[in-house]
Amino acid sequence: MTTPDTTSATEATAATPVTPLTAVTAPPSRSALSITDLTVRYGGVTALNQVSLTVDPGELVGLIGPNGAGKTTLIDAVCGFTKATGQIRLGDRSLAGLSAGARARAGLGRSWQAADLYDDLTVRENLTVGAYTPNWRQTLKEVFWGRAHHDAEVADLLGITHLLDRPCDGLPSGQRKLVDVARALAGRPDILLLDEPAAGLNTDESRQLATRLRGVVDAGTGVLLVDHDMSLVLTVCDRIVVLDFGRVLAEGTPQQIQRNDDVVAAYLGTTAQPDTPEPDTPGLDTAQSDTASPEVNRD
């Protein structure tokens, strides 16, 4: 099981403020994501069982839970990569039956757990690919006015301007994650779904990511964030949804989730107090405590 990083959440607020870039992060109209009774089955295994949640414009919603709880499966189902039943709506539009490409054009963007980049292209070229939405209107605009480029603005927002002309092959894992997020953001989605963007980032990079994500959200884009970095999730999210065994276990503010006994038992873990040693037992510190991580494996 991946143990959540429970570094003090208050430390993650010490990051340089980022000015929201409206030209990049604010589409002409923003739509809410509404998921109702989403169910995914693989043969006899139910990966998601009637999951419902919403992500509003300008809201950052965290999705957490043990390994195998169904977090990535939910992103795959919403984006059209996994067959599912239930309702998925973006604003007034149902996404049922639409391909992954059509859902992206409708206003969904996502990053990938493995940060699958085009390694033979530069960072700038990867962002250009992310910004491209093939349709006849876009083609006509490019014929007459050329292709719009937002790579510099997106790179500035994610702090990767110095990487724009470097090939993606050979980038460290933390930088690859940031490029993956930037590529998803380059398409100016209404809703951005992020699958473990902090994986591979050090503490300072995670703090900077938290501030930059708030810049994206404050400009009006809705974000669904999946991550095991609890310092990041508890600091940056407006609401948190907890999955366990493919079901919604709890939903609430970060403060409510931290105090939820079911969530603590299933995922966050508890602080176990050791037995008091005998008075004449030397060398033992009775003030010590161990953090017990729940032995949960859904894989």
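Helix H6 passes helix H7 in a right-handed crossing, where right-handed means that the near helix is turned clockwise from the far one by less than a right angle. Helices here are DSSP runs of H or I with at least four residues, numbered from the N terminus. This is a predicted model, in which local features need pLDDT of at least 70 and side-chain atom pairs count only at pLDDT 80 or more, while totals for chains, interfaces and linings use all residues. Residues are numbered from 1 along each chain as its sequence is written, and side-chain values use heavy atoms, without hydrogens and water.

Two helix pairs are listed below; angles run from 0 to 180 degrees between N-to-C directions, and axes are lines fitted to C-alpha atoms over the stretch in contact.

| Pair | Axis distance | Angle |
|---|---|---|
| H6 (residues 151-158) and H7 (residues 173-186) | within 9 Å | roughly 135° |
| H4 (residues 123-131) and H6 | 10 Å | about 110° |

H6 and H7 are therefore oblique to each other, whereas H4 is roughly perpendicular to H6. Angles under 35 degrees count as roughly parallel, over 145 as roughly antiparallel, 65 to 115 as roughly perpendicular, and the rest as oblique.

Val154, Leu157 and Leu158 of H6 touch Leu178, Val181, Ala182, Leu185 and Ala186 of H7, contact meaning heavy atoms within 4.5 Å. In the other pair, Arg124, Leu127 and Thr128 of H4 meet Asp151, Val154 and Ala155 of H6.

The mean pLDDT, the predictor's confidence in each residue from 0 to 100, is 80 for the protein, and 74% of its residues reach 70 or more. pLDDT is below 50 over residues 6-28 and under 50 over residues 271-299. Where pLDDT is low, the predicted coordinates should not be read in detail.

Methods: Helix = DSSP H or I, 4+ residues; strand = E, 2+ residues; numbered from the N terminus.
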